[in-house]
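Take a moment to look over the sequence and the model before reading on. The paragraphs below then lead you from the whole assembly to single pairs of side chains.

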Number of protein chains: 2
Amino acid sequence: MAEVDVTGVDAAAVDAAVADLAARFRAALEPPVRAMSALDAATLRARFDEPLPEHGLPVEEVLADLEERAGGGLAGSTGGRYFGYVTGAALPASAIVEAWTAAVDQNVGMWPLGPAAVELEQVTLEWLADLLDFPRGSGYFGSGATMANTVCLAVARHRFGLLHGVDVKQDGVRALPELAVYGSDELHLSDHKALRTLGLGSGCVRAIPIDDDYAMRVDLLDEAIERDRHAGVEPAIVIAQAGSVNTGASDPIAAIADVCERHRLWLHVDGAFGAFFRLCARTAPLVAGLERADSLAVDAHKWLNVPNGVGFALLRDAVLHAETFGGSAGYLTPGAGANLHELGIEASRSWRGASVWAALKQLGRAGVAELVTRCCDLALELVELVEASPVLEATAPAPTNIVCFRYRPAGWPEGAELDALNRRVQAAVAAEGDVFHTGAQLATGFCQRAAIVSWRTTSADVRALADAVERHGAAQAGGG
Amino acid sequence: MAEVDVTGVDAAAVDAAVADLAARFRAALEPPVRAMSALDAATLRARFDEPLPEHGLPVEEVLADLEERAGGGLAGSTGGRYFGYVTGAALPASAIVEAWTAAVDQNVGMWPLGPAAVELEQVTLEWLADLLDFPRGSGYFGSGATMANTVCLAVARHRFGLLHGVDVKQDGVRALPELAVYGSDELHLSDHKALRTLGLGSGCVRAIPIDDDYAMRVDLLDEAIERDRHAGVEPAIVIAQAGSVNTGASDPIAAIADVCERHRLWLHVDGAFGAFFRLCARTAPLVAGLERADSLAVDAHKWLNVPNGVGFALLRDAVLHAETFGGSAGYLTPGAGANLHELGIEASRSWRGASVWAALKQLGRAGVAELVTRCCDLALELVELVEASPVLEATAPAPTNIVCFRYRPAGWPEGAELDALNRRVQAAVAAEGDVFHTGAQLATGFCQRAAIVSWRTTSADVRALADAVERHGAAQAGGG
């Protein structure tokens with residue numbers, strides 16, 4: 001059989017495509033013009049909607065085709081005026097390294113399939129543990145905090161099985177006694193999803209009320225545990241949240257750790273973004289005690305500003321971690337190093353840790369601390385703008401990098417009409433697209449909510465947000 | 001507060017870094033010199049092992065630093081002489097598009113956070129369904145076949161709950177009756193892991209014996225189902241495998257679909273690579289009936305030759321799929337299009353589908369068919385080389401793209417010594433690193449195992465593998 005190139009690729013075409021990539025990649029690293037797309041779903045769908053092509057397109061045209069179709073349809077989350085959820089931008093070094101890893105295409109699931117990649121990831125996990133003052137035990141890079149929560153809670157489930165003489169890998173959740181998991185009223189959807197995935201069901205979660213600071217009330221946690229014990233339900237896991245998504249508050253981790261110690265429960269910290277509060281002097285006390293957790297789940301595409309798709313799990317007990325996911329098969333030929341498929345849910349896996357390594361190399365510990373501190377300082381600036389405005393008011397404490405506030409012109413009472421006004425304001429700001437933030441439903445009503453986490457955000461960007469809410473507020477209140 | 005650039009990045013530095021990326025990216029797209037790294041774990045670890053840096057490195061130096069440290073430590077899986085497991089290479093268009101998506105950094109978990117990205121993925125999933133003759137229902141891009149299997153089996157678990165009046169999302173696996181899942185003796189580890197993750201435990205799996213063609217014996221499947229029914233265990237799911245990893249065989253899907261219909265069981269097809277056998281005229285009949293499955297899980301980083309980290313789940317019933325993962329929270333502000341976090345396990349998610357879109361654009365349907373056909377033809381060539389050699393012999397049928405064979409000089413009997421010889425041969429070929437393949441433990445003993453799936457593999461590469469096994473076989477047999 002003659003050597004056939006099925007793809008019709010020649011070196012000149014690849015050269016042209018790579019030159020094209022460089023220009024487009026450079027442009028994509030520029031701050032985006034808009035924070036939010038102005039195009040609707042039908043328009044964008046129509047751009048992509050064609051039948052599966054029968055024949056291929058020259059390689060050098062594919063990226064241009066994508067850029068043209070996607071043009072105007074991208075969220076500007078890499079810019080400084082994107083305040084949605086808790087979404088980092090992409091640090092140049094991380095984006096560049098991640099781009100390169102697409103070409104070398106290592107599979108870190110087994111050591112022989114990505115030897116350097118596996119070793120880099122192991123070292124990077126140690127760096128992350130050191131950065132967050134968490135004990136160096138064991139770790140895993142998943143696709144985000146939800147996967148990291150799932151990995152951590154799978155280890156907790158395994159350990160709960162051991163305590164009750166059940167091999168949960170073999171016999172499943174049916175063999176376990178009825179168990180309870182504790183989290184605050186503000187527990188993130190991601191934890192509920194992890195528990196559902198693991199077959200525990202979200203019905204096992206006891207939602208512990210929060211105090212005025214949006215933090216879990218530990219006295220009520222203790223009561224709930226006792227109540228379950230008396231009812232014959234086995235308390236198993238407490239999930240403390242470092243950084244609640246609504247307000248950026250943190251549960252009192254040290255006090256929760258005391259409760260877990262007393263009741264011998266697994267302490268999992270969902271630190272999707274809040275774990276990084278340790279890096280800012282003002283916010284560090286909020287997450288004191290985090291180092292006492294059995295497991296910690298964190299996103300890297302939040303504070304570390306790496307491209308989306310990377311989170312990490314840190315486990316105190318490496319043996320429990322290995323037991324939870326260990327197991328090979330007759331067709332696998334292990335190599336000389338770690339086989340990461342035995343530390344997580346996935347088999348084949350991309351080289352996720354490289355972009356995290358790159359962020360830590362670009363910033364260093366001092367740069368990460370500066371980034372976190374600066375964003376938390378910008379949140380204070382936004383609070384000051386809100387307090388100084390006659391038409392804005394804070395609606396929750398803002399102890400970290402998230403600010404909740406609302407538009408409330410003189411004389412408007414609390415209630416459904418004010419909520420509706422604020423919904424219109426959020427939607428109008430998003431539709432204009434110069435800045436992007438979200439809303440949140442708090443006990444005090446619907447509010448404007450901004451998370452500050454991008455390395456690009458400045459004072460001017462924060463002011464632009466306050467101005468946009470005031471401007472659209474006036475228009476909506478006048479027109480409403 | 002003055003505008004501070006925490007990262008010390010200026011435009012010139014980014015320009016330099018992007019120029020650097022282009023050169024290195026182009027080099028990384030060249031076929032690698034070696035199929036396997038020659039460096040050991042300790043050497044590679046030492047290359048990366050330094051304390052977490054206190055201060056950052058200039059952005060333009062980070063990629064060069066990584067390339068230097070990783071040099072010689074990468075698996076050459078993007079080349080034509082990599083025959084390990086079933087691992088595709090990286091098509092240039094896919095690698096380039098994936099690189100660009102790192103820079104634009106969309107989060108497809110919710111529509112407003114990646115509007116064009118979400119629409120592209122939805123269209124691409126429809127293309128994939130069309131390509132594989134699977135009904136257009138619903139789908140999801142996960143990080144690989146294991147995640148895709150997990151998504152599919154979570155939907156199956158949800159539906160099993162509905163049949164028994166259980167809301168498994170809320171009440172978990174404990175509320176379900178005891179259930180059984182059926183797969184062949186050759187069922188992939190990935191399915192076992194998915195069942196463990198989902199809290200069903202791998203103990204629920206009934207391993208159905210295989211026939212001489214390594215395919216599930218449907219008569220024994222039927223018997224096993226009846227046996228469970230009589231024992232009071234609820235048969236729930238049958239996992240048919242399109243493409244077993246040892247030999248590339250496929251279970252008889254149409255006959256299994258008949259059984260599932262008769263017993264009203266969920267039919268899941270693990271088609272990690274075998275689903276693509278539909279694209280080659282010779283192998284298509286092996287996977288007939290695949291279109292009757294309730295769910296199908298496939299890897300994209302195998303036949304589609306996109307960079308590692310993408311698989312997809314296809315579901316026949318879009319309503320069941322949405323019910324399984326649906327659910328929002330007070331802090332989420334939905335947009336005008338689909339929120340993909342409600343179709344899978346993850347919350348934030350990278351734009352995985354873009355590289356698949358790029359592969360389908362670069363190849364077209366005809367190009368995919370040509371690629372699959374060509375690799376399956378090359379497997380036949382390898383079989384011919386084995387049959388023509390006086391010292392090689394086939395050890396299993398090779399109906400698709402995987403070939404199992406062993407080195408067996410005249411007069412060597414079956415048994416432990418021959419197995420040991422073949423283990424040494426595989427290890428010696430891997431250590432030399434010019435070609436890379438794995439071994440497999442079959443009922444007939446330990447054998448050499450090669451999977452042909454790269455767009456770059458040619459007749460010369462296949463011959464190089466046969467030659468390497470003969471050469472190292474002679475050395476090991478002489479020296480053993």
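Predicted model: local features only at pLDDT ≥ 70, side-chain atom pairs only at ≥ 80, totals over all residues.

Two copies of a chain are related by a rotation about an axis and a shift along it. Here chain A can be laid on chain B by a turn of 180° with a shift of 0.0 Å along the axis, and the RMSD of that superposition is 0.0 Å. The two copies are thus related as by a two-fold rotation axis. The same surface serves both copies, since 100% of the contact residues of chain A recur in chain B.

The size of an interface is often given as the accessible area lost when the parts come together. Between chain A and chain B the buried area is about 13,700 Å², and carbon and sulfur atoms give 63% of it. To this contact chain A brings 163 residues and chain B brings 163 residues.

One part of the contact between the chains is a pair of helices. Two packed helices are described by the angle between their axes and the distance between the axes. Helix H4 of chain A (residues 92–104) packs against helix H3 of chain B (residues 59–70) at an angle of about 35°, their axes lying 9 Å apart, and the crossing is right-handed.

A second pair of helices lies within chain A, where the axes of H5 (residues 115–131) and H12 (residues 353–388) come within 10 Å and cross at roughly 35°. The crossing of H5(A) and H12(A) is left-handed. Among the residues that meet are A:Trp127 and A:Leu128 in H5(A), and A:Trp357 and A:Arg365 in H12(A). The residues of this contact divide into nine nonpolar, two polar and four charged.

Side chains of opposite charge can pair when their charged atoms come close. Over all chains the structure holds 58 salt bridges, and 10 salt bridges are found across the interface of chain A and chain B. A:Arg365 forms a salt bridge with B:Glu54, with the closest N and O atoms 3.4 Å apart. Within chain A, the side chains of A:Arg292 and A:Asp258 meet in a salt bridge at 2.8 Å, N to O. Because A:Arg292 lies in the loop between strands S5 (266–270) and S6 (295–299) and A:Asp258 in helix H10 (residues 253–263), the pair ties together parts of chain A that are 34 residues apart in sequence.

How values were computed. Residues numbered from 1 in each chain as written. Chains lettered and ligands numbered in written order. Heavy atoms only, no water. Least-squares fit on C-alpha atoms with pLDDT ≥ 70 in both. Contact = heavy atoms within 4.5 Å. Axes fitted to C-alpha atoms, helices over the stretch in contact; angles between N-to-C directions. Helix = DSSP H or I, 4+ residues; strand = E, 2+ residues; numbered from the N terminus. Left-handed = near helix turned anticlockwise from the far one by under 90°. Buried area = accessible area lost by both parts, 1.4 Å probe. Salt bridge = Lys/Arg side-chain N within 4 Å of Asp/Glu carboxyl O. Nonpolar A, V, L, I, M, F, W, Y, C, P; charged D, E, K, R; others polar.
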